[in-house]
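Subject: Structure for you to look at

Dear colleague,

I am handing over the structure below, and I would be glad if you kept it open while you read the notes that follow it.

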Amino acid sequence: MFWPIIILLSGICYAAEELDPVEVTATKELSEFHLGSSQSLQTETNSTVLLNGSVDDATGVVSSQNGGPGSRTSYFIRGTEARHVSFTIDNLKLNDPSNTDRQYDAAFLTTPFLRDITLYKGPQAVLFGSDAMGGLVDMRTRKGENAPETRATFNAGSFGTADASLSQDWHSKKGKGTLTWTSFRTDGISRLNKKRFNAKERDAADITQLTSSSTYSWNQKLETDLLVSFLRGNNELDGFMDDNTHDKSRGDQYLLQQRTHQEVSAHSTISLRNGFSRHQRNLKTLSVGENSFAGDLIQNELLFNFEKGDLKLITGVAIEKEQFEQSGANEYADLNSAFVQTSLKKGSFTWQGGLRADSHSRYGHYYTGSTGLSYEVAESVVALQFSQGFKAPSLYQLYADPLFGAPIGNKDLMPEKNNAVEARWTYGILDVAVFRNALSNIITFTNQGYRNQERFVAQGIELAADFKQHSFRLRPSMTMQEFKEEKTPVLRRPTSSLGLDASWFPYESLELFTKIRAFNHRNDIDENGSLVKLHGFETVSLGSKLSWSEHEYGVQVLNLTDREYEEVYAYSIMPRSLFFHYGISL
């Protein structure tokens, strides 16, 4: 590991004289190498501080939540599984080794400390390795961009929901940063579906997150980024088909990362990154009692960036160590990687290509690649992208002990695979993408435990536009997809969805907006293991936002028509609800 080097460099940092901050970067800027679809996600119009309202607004993304705020949240990108989505903050991977399939549950994550969020569709394995098999949610933190500023926000609304955040952007001669505290609580709704089970008992949730993100300059060519974050989320659960069990869950997330960037020449930089993420969960249920899980992911990475003229190149080596603890069991796996990604622009053409080699302590060697070509003329861009992705088996899938005599873990599992192709055309306000994800070696749970036995193809088309005319803005979107060659039904993913975001700005400081979403039916499994069809639905939300001097006011109505529907069989969704917002910057 690289920690000793970082400790040594930190000592030099404190001995350095005070200098004005500089911008020295050698990070994985995916936007410079990705020719496929991506989308910037907005947090400004969210009714709460939670991330949920941002990701599920994206074209080609379907969300599902097991109940109200604080409940398990999953995202499906272009037909791939929810576990095939990787979440990162400042390149630090968040996927949870204590989860059965190493999926990251974003139910508790808050957004006030974030600067921007970008969704990249399709595999991103060359730069980000395992887990980014269907897509990547790339989040970047604020680092004192608005210093000196103190910012406070408050939201309150239906079902006893209230949240607050307080952040301070600061700067000095040798550094800048942002310190953010966020708190959220809600009395909630019953997680179980009222119509199916006559469930009435509410399930509360509360969340606290404290984050510090900063940059320090050692000299004109050397700087360090430091990220420290702690999040605690508590929520009440329901037993399946019983809303009176008063089961409880607590989840703690610890993040620590230090990145040191050194400018080598006018065209090249190196970066040494050391990160640590820990997920610690405690479940207390009437049926099982108390159980604890912990998952650690240690990430070490050395990067080299080169940029000269129309050529961009990034190469590096990475070491990942994941560890899973439960009831005395302690399992771990190592993943060592080397990768290179390059982009070359010649006239109207841009080509990118990349290759990654991985060595896993369990299943051995694995290789993934990507290549793409785009052509730009006037306002039109045509691009073709091929990408490979993989998902390493989780420690639970590999090593879980038998339960009631039935097998679970399988040490012979191999990575899941995705060979993805995308053709994309943008012209002014219009964006059209045709995609095909060919997934194989899919890990499923059978009466013989976990097995590699399934495959399927998800293919379709996405349409999105952004019309701006005087004081109006319209953003319609549509996704149509189909599933082929599947051995078993594809669950919780509709084949078509429509969206419309409309805004009216009667004054420069006032926005009135509406969000409309519609989905056709989706399949799921009931309590008996039988296939059930969940009906399609549509939702309408209305809101307004007023900015006045240092103040910001907002109001939002979600699920205006009080539509009853299910994203997951047996679980509720938020009924009609009203939220108010106030923010102030000083």
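Over the ring of which residue does the charged end of R281 sit? The ring is that of F293, and the charged end of R281 lies 4.8 Å from its centre; a charge is said to sit over a ring if NZ of Lys or CZ of Arg is within 6 Å of the ring centre and within 35 degrees of the ring normal. The charged end of R522 likewise sits over the ring of F519, 5.6 Å from its centre.

Please bear in mind that this is a predicted model, in which local features need pLDDT of at least 70 and side-chain atom pairs count only at pLDDT 80 or more, while totals for chains, interfaces and linings use all residues. Residues are numbered from 1 along each chain as its sequence is written, and side-chain values use heavy atoms, with hydrogens and water left out.

Aromatic pairs

A search of the whole structure finds 16 aromatic pairs, where rings of Phe, Tyr and Trp (its six-membered ring) pair if their centres lie within 6.5 Å, and planes under 30 degrees apart count as stacked, over 60 as edge-to-face and the rest as tilted. F324 and Y396 have ring centres 6.3 Å apart and planes at 80 degrees, so this pair is edge-to-face. Because F324 lies in strand β16 (residues 311-326) and Y396 in helix α5 (residues 395-399), the pair ties together parts that are 72 residues apart in sequence; helices (H or I, at least four residues) and strands (E, at least two) are DSSP runs, numbered from the N terminus. Both F324 and Y396 are buried, a word that means under 20% relative accessible area, with exposed over 50% and partly exposed in between (1.4 Å probe, protein chains only). Together with F445 and Y450, these two residues form one aromatic cluster.

The rings of F519 and F537 have centres 5.3 Å apart and planes at 40 degrees, so they make a tilted pair. This pair links distant parts of the chain, 18 residues apart, with F519 in strand β27 (residues 510-519) and F537 in strand β30 (residues 537-548). F519 counts as buried at 16% relative accessibility, and F537 is buried too, with a relative accessible area of 3%.

With kind regards
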